[in-house]
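Hi,

I'm passing this one on to you, as promised. Have a look when you get a moment, and my notes follow below.

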Amino acid sequence: MNNFWLTLPTEIFFGKGQLSVLGKELQKRGAKCVLLAYGHSSIKKNGIYDKVTAILNDAGIKFVELSGIDPNPRITSVAKGAALCRENNVDFIIAAGAGSVIDCCKAIAAARYYKGDPWDFFIRKASVTKALPICAILTLAATGSEMNGGCVLSNEATTEKLPMGSYKLKPRFSILDPEFTFTLPKYQTAAGIADITSHVFEQYFSNPDVPITDRLCEGVLKTIIECAPIVLEEPENYDARANIMWASTIALNSILGLGKEEDWATHMIEHEVSAQYDITHGVGLAILTPNWMKNVLSEETKAKFATYGRNVWNITGTDDMDISLKAIEKTAGFFKSLGIPTRLSELGIDDSRFEVMADSALKYHGIGGLKRLSKVDIIEILRNSL
Ligand code: NZQ
Ligand code: ZN
C-alpha cells in the first residue's frame, strides 16, 4: 500500500431540505458579497434559483450573478467570473449546478488572485497559491467536484480540455439534496452514472492491490449497478437518487484511490474527444471504457479483472482470462442498459481526428497507470470505439 496524504475539509450537508443551512453557513464564514454562478436554465426552471436568492436576501448577503456556464465549461467564463469577483469585492462563491458549474467556479476562485491568463493553471505555468472559498449546491450526481479540489476547463482557442487541481479549491461546504436531481433528463442521469462508474474504475484498476480500498470500490460499484435501473425508471425515487448522489461524492473525494497509483487514461482520452467534439463527458466514458479494458487486459493484468468479475458481477470459474472477458462484456452491457450511445459514430464522430487527439493526450505527460499507453494504444482504443 502506497503512502498517502489526505485532507477532507469539505463539510457535507446531505438530504432533503438541507438548502436551509445556506444563509447561516455563509454568515458563519463572514460572507458579505457572493458570486452566484450557474449554468443555463435548469436552476431557474426547477426553483433552486428562487430558493437560493430568497435565502441570500433574508440573510442580508449581497450577490452578483454569473450565468450561462456551459457543459464542458470554457476558460472565457473563468475570466468573466474573476473580473466580477474583483470588481465587486466578492468574498465567497456559490456554485449552483452540476460539475461544469462547480469546476468553473474553482478556476474563478483561483483566477481571482492571479494576474496572468487563467489558462496558465491548466498548462502548469502557474499553481494555485490563494483562492476564494466556494460552496457547491449540487444538482447532478456525476463528477464528485462537490468534494474534491479538481476542475476541468475547455479552451476553444487551442481546442484543449485540461484538468488542474489543488486542495485549496476543495469546497468549504456542499449541499447535496437528492431531490435536486429529480428534474434531470434521463440522458444526463445516465451520463452521470457512467461518469461515477468510470471514476471508481480509474482508481480500482491500478496497482498495488489495496484490500481496504479495493473492497470499498467494489461496494460502490455494486450499489451503482443496483440503483441505476431504479433512478432511470423512477426519477423521483428518493432513496435510489440519494445512493447515486452519495456514490458520486465518494467516488471522487480521494477515498477510493487511497494507497493506489490510479490510472485515469480513459478520462484523458475522453477529454480529448470532448475538446474536439464537445460531447457529454459521461457518454464518452461509457463508450471508451470497455475498449480501454480490452486494450489493457493481459496475462499481467488479468488477475485484477478477474477479481472484479468475481466480486462485482458474481462470475464463477477458475480461468482468470475467461472471467475477465466476461466481466468486460458485463461492463459494456451495463453501459448499454443506461440507454446512452455505445459508439462514437452514434455521436457523428469519425476517425479523422484520432491522430490529433492521441498526440494531444500525450502532449503534457504520459497516460495510464495499469498500462502506460502509447499513441498506437490510444488510437486503437478510439478505433475500437467507433
Ligand atoms: O446548464 P443547465 O441549464 O444547468 O443544465 C445542465 C447541463 O445542461 C443540466 N442539469 C444539471 N442539473 C440539472 C440539469 N438539468 C435538469 N435538472 C437538473 N437538476 O445538465 C447538463 C450537464 O451539466 P454538466 O455540468 O456538464 O454535467 P456534469 O456534472 O456531468 O459535469 C461534467 C463536467 O465535469 C468535468 C467533465 O470533464 C465535464 O466538463 N469533470 C470534472 C471532474 C472533477 N471536477 O473532479 C472530474 C470528472 O471526471 C470530469 O472530468
Ligand atoms: Zn469523470
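How are the donor residues of the zinc ion (ligand 2) spaced in sequence? The pattern is D-x3-H-x67-H-x13-H. Please keep in mind that this is a predicted model.

The residues behind that pattern are Asp195 (OD), His199 (NE2), His267 (NE2) and His281 (NE2), and these protein donors lie 2.0 to 2.2 Å from the zinc ion. Two of them link distant parts of the chain: His199 sits in helix H6 and His281 in helix H10 (residues 281-296), 82 residues apart. His199 has a relative accessible area of 2%, so it counts as buried. His281 is buried too, at 17%, because the cut-off for buried is under 20%.

Now to ligand 1. It is surrounded by 33 residues, and the closest are Ser42, Gly99, Ser100, Asp103 and His199. That list includes His199, which is also one of the zinc donors.

For polar contacts, an oxygen atom of ligand 1 is 2.8 Å from a polar backbone atom of His40, and an oxygen atom is 2.9 Å from a polar backbone atom of Ser41. A nitrogen atom of the ligand is 3.3 Å from an N or O atom in the side chain of Ser145. On its own, ligand 1 has 960 Å² of accessible area, and the protein covers 89% of that.

Helix H5 (99-111), strand E6 (150-155), helix H6 (186-204) and helix H9 (265-277) each give two or more residues to the shell. By type, the shell holds 11 nonpolar, 19 polar and three charged residues. Domain 1 (11-180) and domain 2 (186-384) each supply at least three residues.

Happy to talk it through!

Best wishes

How values were computed:
Residues numbered from 1 in each chain as written. Chains lettered and ligands numbered in written order. Predicted model: local features only at pLDDT ≥ 70, side-chain atom pairs only at ≥ 80, totals over all residues. Heavy atoms only, no water. Near = heavy atom within 4 Å. Polar contact = N/O pair within 3.5 Å; in protein donor to acceptor, adjacent residues only side chain to side chain. Areas by Shrake-Rupley, 256 points an atom, 1.4 Å probe, with all protein chains shown as cover. Helix = DSSP H or I, 4+ residues; strand = E, 2+ residues; numbered from the N terminus. Nonpolar A, V, L, I, M, F, W, Y, C, P; charged D, E, K, R; others polar. Domains from an automatic or database assignment. Donors = N, O, S within 2.8 Å, 3.2 Å for Na, K, Ca; no water. Buried < 20%, exposed > 50% of the residue type's maximum accessible area, 1.4 Å probe, protein only.
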